[in-house]
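Please examine the sequence and the structure before reading each solution.

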Amino acid sequence: MVSIVLSIIVVCGLLIIFSRPRRRDGLAPEGGSRIKNLLAVAMVKSGVKRRPDWQSISLADSRVPVPEGVDENQYNDSFVFHGSDAHGNTILTRLGFRGGGREAEVWFWGVFGGKRFANDNRHVALTGDADPSVIEAADLRYERVAEGTWRITFTGTLDGADASVDLTWSADAAMYCSADHMDAKSTALAMAEMPWSREYFERISSEKQVRIEQGGFLKGQVTAGGEVFDVDMRGIRDHSWGKRDWTFLNRYTWNVLALDKPLDVLGIGVKYLAVSLVDYGDSFRRLASGWLAGDEGVLPVSFATDLMEIGGDGVIPERFTVKFRVPGSSVMTLEMDRHQPEMPWLMQDGNFEVNEAWCGITLDGRSGMGLSEFGYAAGRGYHRPFEEEGE
């Protein structure tokens with residue numbers, strides 16, 4: 001009799017260990033079996049403890065050389081500054097250094113009064129004697145002038161016409177760093193959803209990258225098309241470095257936002273946030289990331305709406321909803337309203353498209369604005385049309 005009871009207990013225990021729990025809030029990722037989830041959490045936490053020096057927030061303000069063991073042809077060292085205002089005006093500029101610093105992806109675009117301006121020289125080769133400490137290419141320059149303050153200058157052409165830019169970005173919230181703040185449990189559950197093999201672990205171990213983001217003010221002037229535009233915006237700066245192969249991505253959405261008034265979340269007066277949902281191909285099919293930040297600190301986005309519910313048909317939606325949680329919070333609701341004109345960028349010989357537009361938002365009833373970016377891989381069954389109601 002005792003042996004039968006013990007056998008039943010063992011069988012029940014095994015069924016529980018190898019069963020797959022379901023999330024009650026309906027958010028992703030859900031993970032795999034209980035034992036697989038536990039193993040994934042242990043591996044992610046072990047990786048965090050053993051991360052190399054180049055994955056440090058201390059490198060947030062400078063160019064980061066290609067780390068040892070990383071293929072320089074797939075290495076990305078990218079700087080972004082963005083701002084938006086309540087009137088539908090927005091700016092995004094990016095310098096992405098590739099190929100071991102021998103080439104740069106150069107972006108500067110803005111929308112003022114419903115008219116879009118974009119730079120013409122977007123992919124440039126850099127000379128071998130270029131100073132690696134200078135963040136500059138094709139007459140676009142980012143210069144750190146003080147702690148938390150950057151100057152952005154550009155002299156070139158926007159849509160074929162002479163233009164000049166002189167902007168200042170100033171920090172206004174705590175800084176997010178993926179290496180320090182990303183939720184280990186969320187990453188582990190995204191890993192546990194995938195089929196495991198030796199090849200799988202070799203692939204994800206080679207895809208290390210770091211991202212810092214911080215909310216702030218963007219102010220100054222843009223002269224374009226014979227007009228002068230005064231800039232008084234709020235947005236984020238972003239610096240990411242590590243392996244970046246756009247063709248590994250199926251698709252994603254990245255939303256960087258500023259609230260009109262702070263919203264209290266777990267004791268932090270949130271002023272800025274980023275919510276990103278990623279289908280990273282054979283590495284992570286449902287990865288949720290991002291952050292909420294104010295003066296008091298940073299909270300990581302842990303779980304969110306399944307990306308297949310947002311643009312899963314390959315059409316970039318005008319309006320969509322993202323539900324998400326940070327550790328210890330209830331489910332939060334982010335309503336997005338994406339407006340024309342959008343800005344497309346083609347990456348890696350046209351194999352991937354990044355499409356951006358201004359957006360208005362509400363977060364649990366609190367209004368704000370920002371930038372909504374969608375990325376789609378070519379040849380993966382998706383197309384890019386941006387459709388508004390009535391069109």
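Buried means under 20% relative accessible area, exposed over 50%, and partly exposed in between, with a 1.4 Å probe and protein chains only. Helices (H or I, at least four residues) and strands (E, at least two) are DSSP runs, numbered from the N terminus. The model is predicted, so local features need pLDDT of at least 70 and side-chain atom pairs count only at pLDDT 80 or more, while totals for chains, interfaces and linings use all residues. Residues are numbered from 1 along each chain as its sequence is written, and side-chain values use heavy atoms, leaving out hydrogens and water.

**Exercise 1.** Determine which residues of α2 are buried and where they lie around the helix axis.

*Solution.* Step 1: N37, A40, V41 and V44 are the buried residues of α2. Step 2: viewed down the axis, the buried residues fall within an arc of 100° (taken from the directions from the axis to the C-beta atoms), so they line one face of α2. Step 3: on the other side, L38 and K49 are exposed. Step 4: the cover over the buried residues of α2 includes α4.

**Exercise 2.** Identify the residues that touch the most other members of the largest nonpolar core.

*Solution.* Step 1: a nonpolar core is a set of buried Ala, Val, Leu, Ile, Met, Phe, Trp, Tyr and Cys residues joined through side-chain atoms within 4.5 Å. Step 2: among the 45 residues of the largest such core, W109, Y252, W291, F352 and V354 touch the most other members. Step 3: helix α4 (residues 184-192) supplies the largest share of this core, 5 residues.

Definitions and conventions: Contact means heavy atoms within 4.5 Å.
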